[in-house]
Amino acid sequence: MSASFTLRAPAKVNPVLEVLGKRPDGFHELALIFQAVGLYDELTFTPGQTFGFEIAGVPAPLAADDSNLVVKAAQLFFRDVLKRDGGVHIQLEKRIPLAAGLGGGSSDAAATLLGLDRYFDTGWGAAKLQPLAAQLGSDVPFFLHGGTALGTGRGEKITSLAPMREIWLVLVKPSEGLSTPAVYRSGKAAFTSGEKARGFQALAPNLDATGLSQVLFNGLEPAAIHLMPLIGEVRQALLEAGALGAMVSGSGPTVFGVAKDRSSAENIRARLEGRGWGLFTVPTLASGIE
Ligand code: C5P
């Protein structure tokens with residue numbers, strides 16, 4: 001057991017997301033690039049008699065019950081790692097928008113596993129926690145590593161890549177969320193070979209903002225726009241406001257725009273204010289949860 005501490009759990013975007021095909025288990029085979037970005041939830045671990053969980057500054061509708069991925073991650077950790085229930089209190093401060101395609105819930109789950117491993121001094125580390133993370137969701141294993149990574153399988157098989165240079169992005173989140181299963185089920189995803197995601201590995205360390213804009217791809221974008229046409233308008237608005245390129249992140253509905261530099265990102269953000277969209281200027285990160 002340890003004293004109290006706080007972990008920052010970053011969001012992600014997917015500069016490349018390729019859907020290769022549908023699998024017999026109902027999931028889709030993917031080849032995708034994950035990139036951690038500087039927008040964070042915070043998880044604070046403090047001593048407690050029993051397990052406790054609360055959400056500070058709750059953005060409805062997020063429940064602090066068993067349906068929350070933090071609680072699911074803690075239950076899995078107690079069952080498979082600690083092999084008993086643990087006395088610890090977790091407070092989650094939510095800043096990453098929900099159902100946004102930014103991986104907030106998945107990052108919280110990974111931070112819970114890493115935080116409990118540290119709190120109870122169980123010494124599993126990211127590599128050994130990987131299978132537990134994969135049980136919690138396809139995006140969770142990425143967040144054990146952070147930085148830039150290639151995901152294969154249903155997205156849970158992670159190969160860390162050399163970090164990208166710092167590039168500034170503008171994240172635009174329409175007020176409504178989008179359900180990931182609905183996007184996959186829509187029948188509108190574009191199927192591709194995986195070449196773009198694999199090709200990204202060699203390019204990543206040398207990409208500047210212009211280079212990144214030229215390689216953006218998301219096979220789920222047609223599906224997301226089909227379900228929420230507003231996404232197409234957001235993408236267009238980002239380009240008109242000065243983004244070098246723009247793409248839906250994950251299954252949406254957040255669209256990220258690539259900016260030339262930090263001040264350009266702030267300008268783009270300012271131009272998009274007043275339309276009821278959530279706006280964030282963020283740098284790409286070489287790190288993950290810490
Ligand atoms: O793994 P995760 O819980 O994030 O997946 C949520 C849903 O998204 C799945 O139930 C499935 O409908 C869809 N999905 C998929 N193929 C993937 C990842 C997710 O079809 N590779």
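How many nonpolar, polar and charged residues does the shell around the ligand have? By class, the count is 4 nonpolar, 5 polar and 1 charged. The model discussed here is predicted.

## Ligand shell

The residues around the ligand are Gly-26, Phe-27, His-28, Leu-30, Gly-137, Ser-138, Arg-154, Thr-180, Pro-181 and Tyr-184. Helix 5 supplies 3 residues, the largest share of this shell.

## Polar contacts and burial

For Ser-138, a side-chain N or O atom is 2.5 Å from a ligand oxygen. For His-28, the corresponding distance from a side-chain N or O atom to a ligand oxygen is 2.8 Å. Arg-154 takes part through its backbone: an N or O atom there lies 2.9 Å from a nitrogen atom of the ligand.

The ligand exposes 450 Å² when taken alone, and the protein buries 72% of that area.

## The largest pocket

Where does the ligand sit? Its site is the largest pocket of the model. Strand 2 and helix 5 are the elements that give two or more residues to the shell around the ligand.

The space in the largest pocket comes to about 1,100 Å³. Its lining is made up of 46 residues, and those closest to the pocket centre are Ser-106, Asp-139, Thr-180, Pro-181 and Ser-251. Of these, Thr-180 and Pro-181 are also listed among the residues around the ligand. Two or more lining residues come from each of strand 1 (5-22), strand 2 (28-47), helix 2 (104-119) and helix 5 (180-185). By class, the lining divides into 21 nonpolar, 18 polar and 7 charged residues.

## Backbone features

Two loops hold backbone features to note. One is a cis peptide bond, which runs from Gly-252 to Pro-253 and has omega near 5 degrees. Pro-253 belongs to the loop that links strand 9 (245-248) with strand 10 (255-258).

Ala-99 is found in the loop between strand 4 (88-93) and helix 2. Helix 2 is also one of the elements that give two or more residues to the lining of the largest pocket.

Terms used. Residues numbered from 1 in each chain as written. Predicted model: local features only at pLDDT ≥ 70, side-chain atom pairs only at ≥ 80, totals over all residues. Heavy atoms only, no water. 1 Å grid on protein atoms, 1.4 Å probe; cavity = no way out; pocket = protein on both sides within 12 Å on 5 of 7 lines; lining within 4 Å. Points joined across faces, edges and corners; volume = space filled by probe spheres on them. Helix = DSSP H or I, 4+ residues; strand = E, 2+ residues; numbered from the N terminus. Nonpolar A, V, L, I, M, F, W, Y, C, P; charged D, E, K, R; others polar. Near = heavy atom within 4 Å. Polar contact = N/O pair within 3.5 Å; in protein donor to acceptor, adjacent residues only side chain to side chain. Areas by Shrake-Rupley, 256 points an atom, 1.4 Å probe, with all protein chains shown as cover. Sits in = over half its atoms within 2 Å of the grid points.
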